[in-house]
Amino acid sequence: MKISYQTSGSCASRIEIEVDNGVIVETTFVDGCAGNTQAVSALVRGMEVSEAIRRLKGIACQGDTSCPDQLAQALEKAQSGAIPS
């Protein structure tokens with residue numbers, strides 16, 4: 001499943017995510033702090049979606065959200081079917 005998620009309230013404007021059988025295969029942040037978003041992408045690669053949500057949800061940066069939090073929100077919405085793949 002491939003997901004394209006328009007973010008809100010973070011430096012990244014969009015997140016491209018590929019999930020296979022509940023495991024994150026690839027994550028690419030568009031815009032945002034390159035070092036941080038590349039690090040988050042590398043760390044969640046191979047991680048189960050539920051674990052990534054648990055670890056990243058609620059992390060704040062500038063305001064009430066962050067790039068990692070937006071990734072968690074995207075994954076949650078994809079799980080619930082709120083984002084078409």
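Residues are numbered from 1 along each chain as its sequence is written, and side-chain values use heavy atoms, with hydrogens and water left out. Since the model is predicted, local features need pLDDT of at least 70 and side-chain atom pairs count only at pLDDT 80 or more, whereas totals for chains, interfaces and linings use all residues.

Helices (H or I, at least four residues) and strands (E, at least two) are DSSP runs, numbered from the N terminus. Strands E1 and E2 run antiparallel and are joined by five bridges; two strands pair if DSSP finds at least two bridges between them. Five residues separate E1 from E2 in this hairpin, and Gly9 in the turn has a positive phi of about 85°. Ile3 has Ile17 of E2 as its bridge partner.

A nonpolar core is a set of buried Ala, Val, Leu, Ile, Met, Phe, Trp, Tyr and Cys residues joined through side-chain atoms within 4.5 Å. The largest such core has 22 residues, of which Ile17, Phe29, Val44, Leu71 and Leu75 touch the most other members. Two or more residues each come from strands E1 (2–6), E2 (12–20) and E3 (23–31), and from helices H1 (34–44), H2 (49–56) and H3 (67–80). H3 gives the most, with six residues. In soluble globular proteins, nonpolar side chains tend to be buried together.

Leaving aside neighbours within four places in sequence, Phe29 is in contact (heavy atoms within 4.5 Å) with Ala12, Arg14, Ile15, Thr37, Val40, Ser41, Cys67 and Leu71. Ala12, found in strand E2, counts as buried at 2% relative accessibility. Not counting residues up to four places away in sequence, Ala12 touches Thr7, Phe29, Val30, Asp31, Gly32 and Cys67. Ala34 of helix H1 is partly exposed, with a relative accessible area of 45%, and its C-alpha atom is 9.4 Å from that of Ala12.

In H1, Thr37, Val40, Ser41 and Val44 are buried. Seen down the axis of H1, these buried residues fall within an arc of 100°, so they line one face of the helix; the arc is that of the directions from the helix axis to the C-beta atoms. An α-helix has 3.6 residues a turn, so residues three or four places apart point the same way. On the other side of H1, Gly35, Gln38 and Leu43 are exposed. The buried residues of H1 pack against E3, H2 and H3, and the helix is followed by Gly46, whose phi is positive, near 85°.

For H2, the buried residues are Val49, Ala52, Ile53 and Leu56. They cover an arc of only 100° around the axis, which puts them on the same side of H2. Their cover includes E2, E3, H1 and H3. Gly58, with a positive phi near 90°, follows H2.

In the loop between H2 and H3 sits Ser66, buried with a relative accessible area of 3%. The Ser66 side chain reaches the backbone oxygen of Ile59 at 2.7 Å, and a polar atom of that side chain lies 3.1 Å from the backbone nitrogen of Asp69. Not counting residues up to four places away in sequence, Ser66 touches Ser10, Ile59, Ala60 and Cys61.

The structure holds zero disulfides, a disulfide being a pair of cysteine sulfur atoms within 2.5 Å. Cys33 is in no disulfide, and its nearest cysteine sulfur, that of Cys11, is 4.8 Å away. Cys61 is likewise in no disulfide; the nearest cysteine sulfur, again that of Cys11, is 6.0 Å away. Cys33 is partly exposed, with a relative accessible area of 43%, while Cys61 is exposed, at 58%.

Key:
Buried < 20%, exposed > 50% of the residue type's maximum accessible area, 1.4 Å probe, protein only. Polar contact = N/O pair within 3.5 Å; in protein donor to acceptor, adjacent residues only side chain to side chain.
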